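The following note is meant for a colleague who is opening this entry for the first time. Please read the numbered points with the sequence and the model side by side.

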Amino acid sequence: MGLIDADLSFDPRDPFFPLCGGIRWAVQVFTTDGGYGLDAGSAQVHDGGVRADRLALLGQQRTVEGGAEVVLHRAGERVEWSISVHCPEPIKAVKLLLTGL
């Protein structure tokens with residue numbers, strides 16, 4: 001699948017989460033079979049990050065098995081992400097998207 005480094009011809013409808021100063025972030029997961037985002041319906045924001053109990057096909061048309069835990073570590077003006085993803089398919093890449101920079 002060539003989605004990892006290509007511009008998509010559709011809106012993946014990723015759920016974005018606020019960071020600070022208008023900056024927002026999202027996560028995409030690429031496997032040997034497809035591209036996924038966090039399922040907006042199962043994503044729960046908690047102090048320090050987000051947990052999603054399911055993934056959704058890019059475009060959010062259908063949910064699939066899998067999930068993610070994203071923990072943000074803040075140190076002054078610096079932010080680090082720890083992203084753990086599980087999916088029944090082999091994972092090729094996990095992409096962190098930032099907007100509003």
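1. Strands β8 and β9 form a hairpin with two residues between them. Within the turn, G76 has a positive phi of about 65 degrees. Strands are DSSP runs of type E with at least two residues, and helices are runs of type H or I with at least four, numbered from the N terminus. Two strands count as paired if DSSP finds at least two bridges between them.

2. The model is predicted, so local features need pLDDT of at least 70 and side-chain atom pairs count only at pLDDT 80 or more, while totals for chains, interfaces and linings use all residues. Residues are numbered from 1 along each chain as its sequence is written, and side-chain values use heavy atoms, with hydrogens and water left out.

3. Strand β2 (residues 23-31) pairs with β3 (residues 35-38) in the antiparallel sense over three bridges, and a hairpin with three residues links β2 to β3. Q28 faces G37 of β3. Strand β3 also pairs with β6 (residues 55-57), antiparallel and over three bridges, where Y36 has L57 of β6 as its bridge partner.

4. The chain as a whole has ten strands and zero helices. Its radius of gyration is 13 Å, which agrees with the value near 13 Å for a compact globule of 101 residues; the radius is taken over C-alpha atoms, and the globule rule is 2.2 Å times the number of residues to the power 0.38. Along the principal axes, the C-alpha trace spans about 40 × 25 × 20 Å. Of the 101 residues, 38% are buried. Buried means under 20% relative accessible area, exposed means over 50%, and partly exposed lies in between, with a 1.4 Å probe and protein chains only.

5. Two backbone angles deserve a check. Most residues other than glycine have a negative phi. R13, although not a glycine, has a positive phi of about 50 degrees; R13 sits in the segment before β1 (17-20). Q60 likewise is not a glycine and has a positive phi of about 65 degrees; Q60 belongs to the loop between β6 and β7 (63-64). Are these two residues buried or exposed? R13 is exposed, at a relative accessible area of 52%, whereas Q60 is buried, at 18%.

6. K92 and G35 are 57 residues apart in sequence, and their C-alpha atoms are 9.9 Å apart in space.

7. Finally, L96, L98 and L101 form a nonpolar surface patch with about 300 Å² of accessible area together. Patches are made of residues with over 30% relative accessible area and no salt bridge; like charges are joined within 9 Å, and nonpolar side chains (Val, Leu, Ile, Met, Phe, Trp, Tyr) within 5 Å. A salt bridge is a side-chain nitrogen of Lys or Arg within 4 Å of a carboxyl oxygen of Asp or Glu. Accessible areas come from the Shrake-Rupley method with a 1.4 Å probe, and for residues only the protein chains shown count as cover. L101 is placed in the segment after β10 (91-99) and is exposed, with a relative accessible area of 78%.
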